[in-house]
Amino acid sequence: YTISLVTSSDFGCKDTLTKKIGVWPQSNPNFTIAPKDSQCLKGNSFTLTNTSTVSPGTISSNKWIFSTTANDTLRQSTVTSTTKKYAAAGNYTIKLATWTNKGCRDTVTKNIVVKPQSSPSFTTNTDSQCLKGNSFTFTSTSTIASGSIKSYSWDLGDGSSATTSTVTGKKYAANGTYTISLVTSSDFGCKDTLTKKIGVWP
């Protein structure tokens with residue numbers, strides 16, 4: 001913009017001074033979160049890609065401000081894009097600040113969620129029995145910090161399976177060592193597995 005000042009004396013003599021000022025655009029900070037902004041704790045990996053723009057001008061620098069623990073301990077990074085992994089379930093805030101080549105700053109904030117894994121666990125009425133008259137009971141004692149356990153998937157080691165929280169009266173037709181696996185899935189679809197061995201003796 002051109003600013004002009006005209007002054008006039010009491011005798012009517014006038015003169016003019018002009019100066020220019022600039023009003024520069026803000027950046028438009030933005031970033032994508034891939035593959036999605038809510039993930040299970042196990043194997044979580046958030047790819048943060050800076051997609052900030054400004055017109056006219058250029059983005060000269062940026063700063064990520066993100067929490068690394070659920071209680072929002074802040075850490076900073078100046079890389080353009082980054083991959084973030086979290087060691088605990090919780091809700092996290094990620095902020096991106098950008099500066100233009102004219103020094104204009106703006107920020108954008110987004111939230112991500114790391115969902116808890118279930119903690120699969122089960123008991124057996126005994127971990128070994130004789131073949132004759134064997135009868136095993138497997139009882140899930142699985143837990144989850146928040147949410148609920150939606151499903152159970154048992155592999156009973158002999159080709160049979162079950163989807164209940166407790167398996168009762170399981171009989172084995174041959175002696176041997178069997179590996180019992182329990183897969184639990186949360187209401188968000190987060191899965192984890194526990195295996196144990198039992199023995200059936202001749």
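The side chains of Asp-192 and Lys-42 are joined by a polar contact of 3.1 Å. A polar contact is a pair of N or O atoms within 3.5 Å; within protein, one must be able to donate a hydrogen and the other to accept it, and residues adjacent in sequence count only if both atoms are side-chain atoms. This is a predicted model: local features need pLDDT of at least 70, side-chain atom pairs count only at pLDDT 80 or more, and totals for chains, interfaces and linings use all residues. Residues are numbered from 1 along each chain as its sequence is written, and side-chain values use heavy atoms, with hydrogens and water left out.

Asp-192 sits in strand 20, residues 191-201. Beyond its neighbours within four places in sequence, Asp-192 is in contact (heavy atoms within 4.5 Å) with Lys-42, Gln-117, Ser-118, Pro-120, Leu-182, Val-183 and Thr-184.

Now the whole chain. It has 20 strands and zero helices. These are DSSP runs, numbered from the N terminus: strands (E) of at least two residues, helices (H or I) of at least four.

What box do the C-alpha atoms fill? Taken along the principal axes, it is roughly 125 × 25 × 25 Å. The radius of gyration of the chain is 32 Å, whereas a compact globule of 202 residues would have one near 17 Å. That radius is taken over C-alpha atoms, and the globule rule is 2.2 Å times the number of residues to the power 0.38.

Of the contacts between residues at least 6 apart in sequence, 55% join residues at least 24 apart.
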